[in-house]
Amino acid sequence: MSYDLVIIGTGPGGYVCAIRAAQLGLKVAVIEKRKTFGGTCLNIGCIPSKALLYASEKFEEAAHELKNFGVIVDAPKLDLPVMMKHKDDVVSANVGGVAYLFKKNKIDSFIGLGAITAPGKVSVTAEDGSRQELEAKNIVIATGSEVTPLPGVTIDEKTIVSSTGALALEAVPQNLVVVGAGVIGLELGSVWGRLGAKVTVVEFLDRILPGMDGEVAKQAQRIFEKQGFAFKLGHKVLGVEEKDGKATVTIEPAAGGDKITLEADKVLVSIGRRPVTEGLGLDVLGVAMERGRVIIDDHFATNVPGIYAIGDVVRGPMLAHKAEDEGVAVAEILAGQHGHVNYNVIPGVVYTSPEIATVGATEEDLKAKGIEYKVGKFPFTANGRARAMRQTNGFVKFLADAKTDQVLGVHIIGPVAGELIAEACVLMEFGGSSEDLARTCHAHPTLSEAVREAALGVEGRSIHI
Ligand code: FAD
Ligand code: NAI
């Protein structure tokens, strides 16, 4: 069996790459070791987490919010198996959708472990040990990432869980200790917190959401604390002991000091993810790596001709849409086009309540680079639609070059921030200025008016504040 392109891994990087390459006329095969397509994102990541975030938000609304609109309901009861079924149904529909798209685009799919046996040759080993060899003019490694373990702590996915276990708990824990105040810790901490768990987050650094704009992260922390999160910032985990389905977490201030123990029904380890390359045969082929990630050039090529890599397995943020865009770009390059990804305009969204969305440089980035900038800020408390929705927490923040007014970064904490950030992405993709956005008519009354008002704020021209 001979192909123009064989892709190992069918996460958002791999499956999107396959579809785009097939659209461009290449003969394509994909290899996936899981039983279903869609990778981390569709099976155990973005999609199931958003299904539970949405469902748990409904529970929270019924319990605490609806009465403020004059909608009186009895205290809601949780039917966790139904909530989990909703999540599982959403996952099934999505992974089934990828299988359908493979068929529609005449992409051959192989279930089994992929390995590159030589340049241009890929083997697929099925669960029963049977092996097939594929010939490939080009190979794309899209094998993604897995949970980074916490040294000395065994994740059993029962009491001590990763995100995968935290997406499938059979009961609401009374006490949930989350290790790591990053995206997974806050999203999945929110799910179980809304359903009744007391959530304590232990974070090594003295802030939450490292890498996000500092002012946004501070505001987020205050809001999460009001929601019931307890934060132990600047603390490191010394060990977690599991006994009879309960855990004791021992922590210590990172700067030194007295140890504290936390009792928990469940411990979620969410301290980051690491690339997956084991068993691919990259060491034998001499594919260059750096700190576990495959090194690629600007065209996604590794140092070995004919082998490319995209997504979580290479540099850059570990995000589904970044992997997808790289998949499209490498497919276009292999078809003789000029595929390209603009890494300055990759949004990041934390799907908590409120949502947190960011694109481009933070204030900290600009200060570190010595770039002079102006700030425009607008709070949702001054937005009519947000008031009507009783969702006035948060603000929109624009950062624009002080001389040229080009927008360098936009950061939003507030209702549907993950949708609102899209207009900032379009603006920045076109090299737009804050004035470009400020002069664009926005429908009233919408949340997007807060985005426009923040853009107006760069020159001190916001109307409603
Ligand atoms: P993956 O999705 O990891 O896919 C790689 C695939 O390759 C897997 O299916 C794996 O089984 C397969 N594979 C690996 N090795 C082999 C082999 N040797 N042979 C055959 N197959 C192999 N990102 C967002 O942008 N938004 C979100 O809301 C979001 N939420 C997340 C929530 C959670 C809980 C987690 C864990 C992650 C989340 N992410 C989110 C991150 C996102 O899932 C990843 O960035 C994305 O899946 C990366 O895509 P990928 O194609 O590079 O790899
Ligand atoms: P993360 O990198 O977002 O956060 C990990 C946190 O753990 C950091 O704050 C870090 O300082 C802290 N930490 C590291 N070691 C520690 C230790 N020993 N003790 C205490 N704290 C420690 O990683 P996370 O949350 O695991 O997510 C992994 C990846 O998945 C992220 O890179 C993210 O891009 C992706 N993801 C994206 C989502 C989204 O886009 N909405 C949702 C969930 C995951």
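The largest cavity holds about 40 Å³ of space. This is a predicted model, where local features need pLDDT of at least 70, side-chain atom pairs count only at pLDDT 80 or more, and totals for chains, interfaces and linings use all residues. Residues are numbered from 1 along each chain as its sequence is written, and ligands are numbered from 1 in the order in which they are written.

**The cavity**
- A cavity is a set of points on a 1 Å grid over the protein atoms alone where a 1.4 Å probe fits but cannot get out.
- Points are joined across faces, edges and corners, and a volume is the space filled by probe spheres set on them.
- One cavity of 30 Å³ or more is counted.
- Val147, Ser163, Ile184, Val269, Ser270, Gly272 and Arg273 line the largest cavity (lining residues have an atom within 4 Å of a point).

**The shell around ligand 2**
- The shell has 22 residues, and the closest are Ile184, Glu187, Glu203, Gly272 and Val349 (a heavy atom within 4 Å counts as near).
- Helix α6 (residues 183–194) gives the most, with three residues (helices are DSSP runs, H or I, of at least four residues, numbered from the N terminus).

**Contacts and burial**
- Backbone N or O atoms of Ile184 and Met318 each lie 2.9 Å from an oxygen atom of ligand 2.
- For Val183, a backbone N or O atom lies 3.2 Å from a ligand 2 oxygen.
- Alone, ligand 2 exposes 840 Å², and the protein buries 77% of that (areas use the Shrake-Rupley method with a 1.4 Å probe).

Methods. Heavy atoms only, no water. Polar contact = N/O pair within 3.5 Å; in protein donor to acceptor, adjacent residues only side chain to side chain. Helix = DSSP H or I, 4+ residues; strand = E, 2+ residues; numbered from the N terminus. 1 Å grid on protein atoms, 1.4 Å probe; cavity = no way out; pocket = protein on both sides within 12 Å on 5 of 7 lines; lining within 4 Å.
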